[in-house]
Amino acid sequence: MDTETSPDRHRAPAPLLVAASIGAVQGLVLLLLAAAELASLSSERLALGTTTAAFFALFGLLLLLCAGALTRLATWARGPVLLAQLIGLGLAFSFRGAWGVVVVLAVTSGVAIAGLVHPESMRALGDEPAR
């Protein structure tokens with residue numbers, strides 16, 4: 001096979017980079033939500049607020065870690081990012097009356113899923129044989 005036309009096995013393909021980028025943005029949003037939750041703590045809901053903020057922060061950090069790992073072609077990182085996108089799709093369809101949120105969640109999750117299961121991504125992560 002000609003080396004000029006063969007895909008570089010050490011670089012993430014565009015669909016995988018798009019999925020990783022969406023995961024990273026979602027991770028940052030979750031970190032912002034954690035900060036907002038901490039900023040709105042009150043003594044009446046101290047336990048709920050701190051556990052919610054901790055969940056958002058940990059989930060956001062996990063997404064950022066996995067997004068970075070995907071750009072380095074770490075196969076283990078696809079599962080958590082894919083799970084986050086499936087959760088995002090479920091959340092999108094649970095909102096009532098907030099159509100902007102529904103569209104943003106559904107579109108970004110759908111695009112990220114498409115990028116994660118794209119044949120180029122699968123090949124780069126070693127889950128599909130090279131042609």
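Which residues touch the most other members of the largest nonpolar core? Hi everyone, let me start there. This is a predicted model, and its largest nonpolar core has 20 residues. The ones that touch the most other members are Leu16, Leu63, Leu70, Val81 and Leu116. Helices α1, α2, α3 and α4 are the elements that give two or more residues to this core. Of these, α2 gives the most, with 6 residues.

Let's pick one of those residues and look around it. Leu63 is in contact with Gly23, Gln26, Gly27, Leu30, Val81 and Ala84, leaving aside its neighbours within four places in sequence. You'll notice Val81 in that list, and Val81 is also among the residues that touch the most other core members.

Gln26 is found in helix α1, residues 14–39. Not counting residues up to four places away in sequence, Gln26 touches Leu63, Gln85, Thr108 and Ser109.

Gln85 takes us to helix α3, where Gln85 is buried as well. Helix α3 runs over residues 78–92, 15 residues in all. From its first C-alpha to its last, α3 reaches 21 Å, close to the 21 Å expected at 1.5 Å a residue. And which residues of α3 are buried? They are Arg78, Val81, Ala84, Gln85, Gly88 and Ala92. These residues cover an arc of only 130° around the axis, which puts them on the same side of α3. As for partners, the buried residues of α3 pack against α1, α2 (46–71), α4 (99–117) and α5 (119–124).

Last stop, the aromatic rings. How many aromatic pairs does a search of the whole structure find? It finds 2. Phe55 and Phe56 form a tilted pair, 6.1 Å centre to centre with 50° between the planes. Phe56 counts as partly exposed, at 22% relative accessibility. The other pair, Phe55 and Phe59, is also tilted, at 5.7 Å centre to centre and 40° between the planes. Phe55 and Phe59 both lie in helix α2, 4 residues apart, about one turn of the helix. Taken together, Phe55, Phe56 and Phe59 form one aromatic cluster.

Note on methods
Residues numbered from 1 in each chain as written. Predicted model: local features only at pLDDT ≥ 70, side-chain atom pairs only at ≥ 80, totals over all residues. Heavy atoms only, no water. Contact = heavy atoms within 4.5 Å. Expected span 1.5 Å × (residues − 1). Buried < 20%, exposed > 50% of the residue type's maximum accessible area, 1.4 Å probe, protein only. Arc of directions from axis to C-beta. Core = buried A, V, L, I, M, F, W, Y, C linked by side-chain atoms within 4.5 Å. Phe/Tyr/Trp six-rings, centres within 6.5 Å; stacked < 30°, edge-to-face > 60°.
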